[in-house]
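Subject: Structure for you to look at

Hello,

Here is the structure I said I would pass on. Please open it beside this email and follow along.

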Amino acid sequence: MIQTATMPSWLYNAYADEIAQVGPDSPNGYAGKYAAFGGRRQYSFNSEVYRKYANRVVKQLADRYASRTDLIHSWQVDNELGHEGSDLDFSQMALEAWRVWLKEKYDADIDDLNSQWGTIFWGANYGSFEEISLPSYTIPGASAAMGGFRSIVSPGMLLDYRRFRADSIASFAGDQVRIISEAQEAASIPRSSQEITTNSPGGVWGKAMNPNLFFNEMLDFVSYDNYPVWGGSLEPEAPSLVAMQLDMVRCWGRRRPDSNSFGGFTIAEQLIGAQGHDIIGFTPRPDQAVAWSAQTLAHGADSLLFF
């Protein structure tokens, strides 16, 4: 795994206002606060400074190990991209990238944007792209305490914002994939000898990352983190829900060239113990981790790693 999901303290302290994401705007909670050092994924996907340093790490590793097929079986870029709300970025960097993204999508035609977003409702038209903010708390709205980020603005705006977040994640990861591929080419190593993936976070619902783009166009095989238990959980998720998630993950991959079925996938992280960050959740009972592992294989996984 290429460890760009966390950063050293010197980098954070030197460039916090050019690196760190800013929490959602809301009537309470963490409105407008930088993600503090000490956690993970505090960076903005749209930070050119962070991408410069992250890409430097990737290049150092790729140049050194791309030829070492005896050591490196495959590459994992970053870790659980966009997980835990890390793609909800309200920094100046995200705002500027958002406006550029909108201008490109709507060919710099603000009237077209107003029409597609339906901003005439409540008279919420925009006069220019520079007037557009990131989706923020407004009235009527909901507080962060009522279940995470909520913004009751144009549904078209929220849909575009989700697409923007997906493209921001893909651009960040795409830099790393490109650097590894260039190192492999320089070392005359075929991509098939060191394939590239990333681990999609568990609990796929509500994530902005576009797995069809990632695993059908950018990456070589599907990887997923299977967590039937989360921090603070009093009991595991229903086996039927886990099964549905695994079936969906299986369909992210490419179809096998010799059949009409999808290729297998890797479980990059299979929970085997109590899990949690500040709150420890349900402790798996005897043989429960074995059952969870068997379930992933029954639903199409062809390899798994325990975590």
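Below are notes on one helix, some salt bridges, a surface patch and some backbone angles.

This is a predicted model, in which local features need pLDDT of at least 70 and side-chain atom pairs count only at pLDDT 80 or more, while totals for chains, interfaces and linings use all residues. Residues are numbered from 1 along each chain as its sequence is written, and side-chain values use heavy atoms, with hydrogens and water left out.

Helix H3

Helices (H or I, at least four residues) and strands (E, at least two) are DSSP runs, numbered from the N terminus. Helix H3 covers residues 92-105, which is 14 residues. From its first C-alpha to its last, H3 reaches 20 Å, close to the 20 Å expected at 1.5 Å a residue; the expected span is 1.5 Å times one less than the number of residues.

Which residues of H3 are buried? They are Met93, Ala94, Leu95, Trp98, Arg99, Trp101 and Leu102. Buried means under 20% relative accessible area, exposed means over 50%, and partly exposed lies in between (1.4 Å probe, protein chains only). The buried residues of H3 pack against helix H1 (9-19), H4 and H5, where contact means heavy atoms within 4.5 Å. Aspartate 107 follows H3 and has a positive phi, near 50°.

Salt bridges

A salt bridge is a side-chain nitrogen of Lys or Arg within 4 Å of a carboxyl oxygen of Asp or Glu. How many are there in the whole structure? A search finds 15 salt bridges.

Arginine 40 forms one with glutamate 84, and their closest N and O atoms are 3.0 Å apart. This pair links distant parts of the chain, 44 residues apart: arginine 40 is in the loop between H1 and helix H2 (48-65), and glutamate 84 is in the loop between strand E1 (74-76) and H3. Arginine 40 counts as partly exposed because its relative accessibility is 31%. Glutamate 84 is also partly exposed, at 44%.

Arginine 41 forms a salt bridge with glutamate 80, with 3.9 Å between the closest N and O atoms. Here the partners are 39 residues apart, with arginine 41 in the loop between H1 and H2 and glutamate 80 in the loop between E1 and H3. Arginine 41 has 2% relative accessibility, so it counts as buried. Glutamate 80 is buried as well, at 4%.

In helix H5, glutamate 182 and arginine 178 lie four residues apart, about one turn of the helix. An α-helix has 3.6 residues a turn, so residues three or four places apart point the same way. The side chains of glutamate 182 and arginine 178 meet in a salt bridge of 3.5 Å, N to O. Glutamate 182 is partly exposed at 42%, and arginine 178 is partly exposed at 39%. Elsewhere, salt bridges that share partners join Arg40, Arg41, Glu80 and Glu84 into one network.

Most residues other than glycine have a negative phi. Tryptophan 122 has a positive phi, near 65°. Its place is in the loop between helix H4 (110-117) and helix H5 (155-186), and with a relative accessible area of 64% tryptophan 122 is exposed.

Ile120, Phe121 and Trp122 form a nonpolar patch on the surface, with about 450 Å² of accessible area together. Patches are made of residues with over 30% relative accessible area and no salt bridge; like charges are joined within 9 Å and nonpolar side chains (Val, Leu, Ile, Met, Phe, Trp, Tyr) within 5 Å. Areas come from the Shrake-Rupley method with a 1.4 Å probe, and for residues only the protein chains shown count as cover.

Aspartate 287 also has a positive phi, near 70°. Aspartate 287 sits in the loop between strand E5 (265-270) and helix H8 (288-298) and is exposed, at 63%.

Regards
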